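Subject: Handover of a two-chain structure

Dear colleague,

Please find below the sequence and structure that I am handing over to you. My notes on what was found follow directly after them.

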Amino acid sequence: MADDSANPAEELIGQTINSRWKITERKNLDGKDTTGGFFSVPYVVTDTTTGDVAFMKVVNLAKALLIYQQQGVSTAEALNRITDNHLFEVDLAEACKLYKLKKVVRVLDHGDIPAEIPLLGRVGIPYIVFERADCDAHSLLDGGKRTDFGWHMATLHQVAVGIQELHRAKIAHQDVKRSNVVFFDEQRDSVKLIDLGRAVKRDRPSRNDQRLVPCQPINAPPECLYGFAPADWAEKHFAADVYMLGSLAYSMFFDVSMTFALLREVPPTLHPASLVGDSGFAGPYRDVLPVLQSALAQVLAAAEQHIDKRIREIYLSTLGFLCDPDPVRRGHPKNKTGFTDPYSCERFISAFRRMQLLMEGPLAA
Amino acid sequence: MSVAIEGLPRRVIPRWRDFRTAAELGEFSVAARVENRVEVPSGLDSLLRLWQSQRSEVLAGELLSASWLEGAWDTAREAAKYLLRRGSAAQELTRNFARSVIEDLSAAQKGQSATRLDRAAVQNIRAALRLYPRDAIGWCELARYYTIVGKLKRARRAMCTAVALAPDNRFILRSASRCFVHLGEPDMALNILRRSGIAKSDPWLAAAHVSIAQIMGKATRLYRQARELSKSESFAPFHLAELNAALGTMEMSAGNEKGARKMLQAALTDPTENALAQAWWAQSRVRIQLKPTQLRAPHTFEANTRALVVAEKWESALHAAAEWFRDEPFSTNPALQQSFILSVAFEQHEQAIDILKLALRSNPGDLLLLNNLAFALGDLGRTYEAREILAHVNVEDTPADRAVALIATEGLLRFRERDINSGREFYARAIRLAKDHQQDRQAALAALYLAKEEKRANSDMKDLAISEAEKAASRFDDSTFRLVMRTLREGPLPKSQPEARDQDTPLIAAP
């Protein structure tokens, strides 16, 4: 590990960055390990002009260099990767601003902090400032929202809007999960998506494009775990987002992930070799696809009796469309006509809204 | 006369099992492994850190999922136990998951596994298909269930849907080809295999194509590709076993004993249970080296039945045939073999009748099943019921091998109705028909059954009939003949006597 005492990114408390952001405390990520979190230091900052609190991510250049060095990556290549990643994140932030995305956390500022780094001398340490949420879906669920299914649907509705906004900006999030869904003022219409650390952009190549499994296995679409990457960009990335939305919809009700539930229904000899090693399945994805589709049918059947009957039909059909193990078929079937975006979330946005109303709104009676 | 399977032809038609059993037996395993191992980022460490600092049902569910997926069994068990301890705070379905993980892990420790397709499972499949109709395996399972209970039109529809949904999946195609052979549409089975396009490159499907073409008396269009596949070094012997057995059977039919021996021996290198059963069927026709230890492999019920019949361990053979019937409840052969042993060896006709009625649900109108049923009923003296069974059978339109059995059974019924002269005439007709069609084995068996009836009737002709039957049977030295001869001389075998086992005695593998 890097020696933190010699690491400027670790020692910023008390400083004011860009004459605006006063760094007040180092944020505890509670074990949350995102791509950004791994190579960056999180801080809570205060906007000295408005008094608003925000969240700042500072690239931990020294630590990143050390880790790359341990992996046998040359310093030049390591710097290249770190810079690439940061510039890509900035590009994503600019795109979000350009497309006026409302359901994705806003970037308030970005730039460099001048600092002295051993081996490199005086360099600029990149930082990004985001608006700061009050809590994530994880903590709200822990805090008693677990059985409020109207709240679940309202949240999913907003997440679907967020994904749709990102897709409109040609961005695929690639790590949609409970802890990346945040709330401002605990108002359920103030839901936003955070952490574009694994995101990809259709018109801007990045290192993230090369990831076969975009996120942790618990949230990963099954095709990724079986090593199948569709050649088509949308089939690979947008389809993964759509699956993760379905997995989120499942885990908000049942706490366990959809990928877990699916693989529970798959015989052990057909589990992905990437997870179980040589005893697992290492053939073409098309050979195991019917098994996963059968597993999905079983998962839906098992969930049926545990879903409120007011939303049962629409919830299960939505789940079936979102979590179809076939990335080509995934999404709403009415979007597969060739004239619309096959991975459009519009119909799911409506479906979640309808379910929310059925649970608590004027349709509830 | 009751018919056993020993003299019947056999082809390497794919087995049609429930998908979990098929998966366990390696039917989904990859013939040629693809190197597509991917780096999976682990999320367990960060979750564990979080778990140490705060515990909740939400986190426990997440930890259960992550640890189970990443093979951290102790953590999975801990999270599952937490969820179960929390009682109603966790969703019922979540607690079901937790329970199943704990049970699963302990079952895995004891080496248990496997599930079977039963009525509850079928209801579950129907419910699942309503929610997600694109489940090809679900349709295939449903088709199997419909076949077992004799709803053959529904079975056909369900299987057509399965094939439409997954036209290039080995399990679906093999199940479909077996299904259509069962439904008397082998041409449809061939069409499905041919249309799929992967039969040329998948030895499991090529084996099915070769065998089904053989049933139809056609030359397979995939012969060249099948030969090339069988010589290919890209496949492990297990994946080539059925293809080698199918090609060996083809060579055998063509009279090329050397070629047949070579292919069948190759099939035995690392056989599937189907290839092993084919080898045990072929062993009386071609000289091949069989390894009885291979009979210990899972689901080798048919091979065990055949091996135990050869070893004349009739009671064990009966148990093996019963397992085989449980494995393939729609198949005629296990029911025929069971009913033959029950009726002829032990004269336990009531049990034979139950089994035959079950088998007739999936095979309505099957002449050999009807024949054995009529035989069992006749031997019990229930000739009226036996006649009802045979009422719709037109012997004139029946292939000679089946007609011989049916006419001989008519002879039995006449004997039991004390119309002895007429009974003799029917037996004589059966023997003549068999001889006219060069089926000397059938003729000799009919003579033995006639002798049994003469002896039972204590007629003047009994000594003559016995000596003529023994003379005819002396040409055939197989276990079926020896059994019928023995029961002719001594009556039914005593049951439940421990049978001596030597080192080479086949064992029934634990299911």
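**The contact between the chains**

Chain A contributes 51 residues and chain B 54 residues to the contact between them, where two residues are in contact if their C-beta atoms, placed from the backbone, lie within 7 Å. On the side of chain A that touches chain B, the elements giving two or more residues are α4 (137–145), α8 (238–254), α9 (258–264), α10 (273–276), α11 (285–304) and α12 (312–322) of chain A. Helices (H or I, at least four residues) and strands (E, at least two) are DSSP runs, numbered from the N terminus. The largest share of that side comes from α11(A), with 14 residues. By class, the side of chain A that touches chain B holds 27 nonpolar, 14 polar and ten charged residues; here Ala, Val, Leu, Ile, Met, Phe, Trp, Tyr, Cys and Pro count as nonpolar, Asp, Glu, Lys and Arg as charged, and the others, Gly among them, as polar.

Please note that this is a predicted model, in which local features need pLDDT of at least 70, side-chain atom pairs count only at pLDDT 80 or more, and totals for chains, interfaces and linings use all residues. Residues are numbered from 1 along each chain as its sequence is written, while chains are lettered from A and ligands numbered from 1 in the order in which they are written.

Chain B has 26 helices and zero strands. Its C-alpha trace spans about 95 × 50 × 45 Å along the principal axes. Of the 511 residues in chain B, 52% are buried; a residue is buried if 20 or more other C-beta atoms lie within 10 Å of its own, exposed if 12 or fewer, and partly exposed in between, with C-beta atoms placed from the backbone. Among contacts in chain B with a separation of 6 or more, 58% are made by residues 24 or more positions apart.

Chain B is divided into domain 1 (19–24 + 116–290), domain 2 (44–110) and domain 3 (305–490), with bounds that come from an automatic or database domain assignment. Taken over C-alpha atoms, the centres of domain 2 of chain B and domain 3 of chain B are 59 Å apart.

The largest nonpolar core has 282 residues, of which A:Leu245, B:Leu64, B:Ala162, B:Ala408 and B:Ala446 touch the most other members. Such a core is a set of buried Ala, Val, Leu, Ile, Met, Phe, Trp, Tyr and Cys residues joined through C-beta atoms within 7 Å. The largest share of this core, 13 residues, comes from α8(A). Not counting residues up to four places away in sequence, B:Ala446 touches B:Met1, B:Val404, B:Ala408, B:Tyr427, B:Ala430, B:Ile431 and B:Ala434.

**The domains and strands of chain A**

Chain A is divided into domain 1 (4–131) and domain 2 (135–360). The centres of domain 1 of chain A and domain 2 of chain A, taken over C-alpha atoms, are separated by 29 Å. Between them, 19 residues of domain 1 of chain A are in contact with 23 residues of domain 2 of chain A. On the domain 1 side of this contact, α3(A) gives the most, with nine residues.

Strand β2 (residues 21–26) of chain A runs antiparallel to strand β3 (residues 40–47) of chain A, joined by five bridges; two strands pair if DSSP finds at least two bridges between them. A:Trp21 stands opposite A:Asp47 in β3(A). β3(A) also pairs in the antiparallel sense with strand β4 (residues 53–59) of chain A, over seven bridges, and A:Ser40 stands opposite A:Val59 in β4(A). β3(A) and β4(A) form a hairpin with five residues between them, and A:Gly51 in the turn has a positive phi of about 85 degrees.

A further three strands form an open antiparallel sheet in the order β7-β9-β10 (chain A). Its edge strands are β7 (135–136) and β10 (191–193) of chain A, each pairing on one side only. Strand β9 (residues 181–183) of chain A is joined to β10(A) by three bridges, with A:Val181 opposite A:Leu193 in β10(A).

**Two residues with positive phi**

A:Gln174 lies in the loop between β8 (171–172) and β9 of chain A, and its phi is near 70 degrees, a positive value in a residue other than glycine. A:Gln174 counts as buried because it has 27 C-beta neighbours inside 10 Å. A:Asp195, in the loop between β10 and β11 (200–201) of chain A, has a positive phi of about 65 degrees although it is not a glycine. A:Asp195 has 24 C-beta neighbours inside 10 Å and therefore counts as buried.

With kind regards
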